[in-house]
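Trainee: Before we start, could you take me through how to read a few features of a model, with the general idea ahead of each case?

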Amino acid sequence: MKKNKKFHLIFIICISIIILELSIMAIIHILREREIEHIDNINSIIKTNNGYIAVGISDFYNSKNVSKKVYEFIDDITKQKQNIIATQSKLVKYDNNMNLLWEKTFENDYDSTFYDIIEINDGYIVVGSYAKDTTQISLNTRDALIIKYDYNGDIIWKQTYSVLSDTEFYKVIEDNDDLIVIGQSIYENMELGNHITGGGIIVKYSKNGELLEKNNYGGNKSGKFNDIIKVDDGYIVCGKDATNYGILVKFKKNFNRDENDNNLISKKVIWQRTYSNTDNEGFTSMVRKDNIIYLAGAINVSTEKDKDNNPLFKYDAAIVMYDTNSKYLGNYSLKENIHHRINSLLINNDILYATILLDIDNKDTQNSMIVEFNLDNINKLNDVIIKKKTYNNYLINKIESIDNDIIYVGTTNKDCKLLTGCDYQSVVNKY
């Protein structure tokens, strides 16, 4: 009898130890998961006849529609094998009440991103980038991607594009029977060379995916085009070139560059303007009203210098203005706390909406603001703000006018949980 009791006690102790070890392992797993920032972000949204469709990036950690993808990666420095959760491009459909209908991704083995989407007469055009192999993952480089989807989210055609090592498409517009795409193609970090067709890139495709024309402007380590507007005789693009330089460039309608033309500015560029006081993102967005172009960004508002007489930069969210003939019209600084940046602009009913990233130097914060400006007074550079609202724990990427609504998209980590940590969740909200 005593032996049975002793055996029973030992059994209970063993089971308790196993349960304790499993509990510790579960806690360790949870703590490790908390260190991983799960990504879910919307970059752009449009209205369709039966709802909305948006693009962005996600690891689909909490998705019921797309499976999480894990790939093996060997670190170049440590030579250790790692299991990486892929951040995948995201195509998502909502109904008219913003209820999710379906999610899809571009199927490849590694990471990908979608930045912009437009609707054409028989489907959608989406642009972004993807990593085609582990070499690109090691170098942190991409190939650009343009895809045509049907209304069910199935691929009709896809094309990739690369000039230099790191290439991405950020924006697409439709112009009659053509698709005009802008982005960036630069050398990878330690690569050197004198290639003359990199930097900010502009590419024309047919609606069947045929590459028709291409051109570029800016340095092969720094040039970048972020936004584009169509004008009667060409295209105006904005972006950046080198540190602290925003650029505004106008291309002809027929902008195809002669491959034998060694001039940095080819004859297909009508004019270009450089604004030497921005932060390293340059001009991130632009809108046009009549003959005035409003450019979003951040400008240096400091005159301080360090002991070696080098400038100490302090950036404030700002709007820079040019007319459509490239004449500089001035700037408007928000005069908020330093280190803010305007990243998206919208004009609706003579109101200029700006989405602003707050405290851009602090990587631990994700706060944004939406500001309304009176366009009738914007050139007076004072008393122009109608309204402003702060969104704590939100990173707002873009603001759009859709039907009678103002809609903003982005990501948030406002719903932090004690055990699961602060996972980033996509945001689609009416303003």
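Trainee: In which strand does threonine 411 lie?

Mentor: This is a predicted model, in which local features need pLDDT of at least 70 and side-chain atom pairs count only at pLDDT 80 or more, while totals for chains, interfaces and linings use all residues. Residues are numbered from 1 along each chain as its sequence is written, and side-chain values use heavy atoms, with hydrogens and water left out. Strands (E, at least two residues) are DSSP runs numbered from the N terminus, as are helices (H or I, at least four); threonine 411 belongs to strand 28, which covers residues 405–412.

Trainee: Does threonine 411 count as buried or exposed?

Mentor: Buried means under 20% relative accessible area, exposed over 50% and partly exposed in between, with a 1.4 Å probe and protein chains only. Threonine 411 counts as buried because its relative accessibility is 7%.

Trainee: Which backbone atom lies 2.9 Å from a polar atom of the side chain of threonine 411?

Mentor: That atom is the backbone oxygen of aspartate 40. Contact means heavy atoms within 4.5 Å, and, leaving aside residues up to four places away in sequence, threonine 411 touches several residues, among them Asp40, Tyr394 and Val427.

Trainee: Where is the place of serine 185?

Mentor: Serine 185 sits in strand 12, residues 178–186, and it counts as buried because its relative accessibility is 0%. A polar atom of the serine 185 side chain lies 3.5 Å from the backbone nitrogen of valine 163.

Terms used:
Polar contact = N/O pair within 3.5 Å; in protein donor to acceptor, adjacent residues only side chain to side chain.
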